[in-house]
Amino acid sequence: MEWDTTSELTTRLKGAEDADSLIVDLSGILWADSALLQALIDLQRHLRRHDTALILRGPLHPVPRRLFELTGTADYFTFDGGWT
């Protein structure tokens, strides 16, 4: 996922703020960069203000998994489906 698609993704997903939780399936994401990470962090902050849980579903492919590991942001999110 690249920077030019994350803006639309974030806008659409922020509409889920009235739900108890929002599950974002990352299992099909083979490549990710800081734009996706920033979009997920922004979404997480937005949803927390509305008491909505963000759950990231895996399994994660190596590149997205490494992005969370290298940036130390894995603990900021709830993952369902594991790392592998």
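Hi everyone, and thanks for having me. Please keep in mind that what we are looking at is a predicted model.

Let's start with the helices. Two packed helices are described by the angle between their axes and the distance between the axes. Here the pair is helix 2, residues 34–49, and helix 3, residues 62–71; their axes come within 10 Å and cross at roughly 70 degrees. Angles of 65 to 115 degrees count as roughly perpendicular, so helix 2 is roughly perpendicular to helix 3. As for handedness, the crossing of these two helices is right-handed.

Which residues of helix 2 and helix 3 meet? On the helix 2 side they are Ser34, Leu37 and Leu40, and on the helix 3 side Leu67, Phe68 and Thr71.

Now to the core. The largest nonpolar core in the model holds 20 residues, and those with the most contacts inside it are Leu22, Val24, Leu26, Leu54, Leu56, Phe68 and Phe77. At least two residues each are supplied by strand 1 (21–25), helix 2, strand 2 (53–57) and helix 3. Helix 2 gives the largest share, 6 residues.

Next comes Leu26, which sits in the loop between strand 1 and helix 2. Is Leu26 buried or exposed? Its relative accessible area is 4%, and the cut-off for buried is under 20%, so Leu26 is buried. Beyond its neighbours within four places in sequence, Leu26 is in contact with Leu40, Leu56, Arg57, Pro59, Leu60 and Phe68. If you follow the chain 39 residues from Leu26 you reach Arg65, yet the C-alpha atoms of the two are separated by 9.9 Å.

One more loop residue before I stop: Thr73, placed between helix 3 and strand 3 (78–80). With a relative accessible area of 12%, Thr73 is buried. Leaving out residues up to four places away in sequence, Thr73 touches Leu37, Ile41 and Phe68.

Definitions and conventions:
Residues numbered from 1 in each chain as written. Predicted model: local features only at pLDDT ≥ 70, side-chain atom pairs only at ≥ 80, totals over all residues. Heavy atoms only, no water. Axes fitted to C-alpha atoms, helices over the stretch in contact; angles between N-to-C directions. Helix = DSSP H or I, 4+ residues; strand = E, 2+ residues; numbered from the N terminus. Parallel < 35°, antiparallel > 145°, perpendicular 65-115°, else oblique. Left-handed = near helix turned anticlockwise from the far one by under 90°. Contact = heavy atoms within 4.5 Å. Core = buried A, V, L, I, M, F, W, Y, C linked by side-chain atoms within 4.5 Å. Buried < 20%, exposed > 50% of the residue type's maximum accessible area, 1.4 Å probe, protein only.
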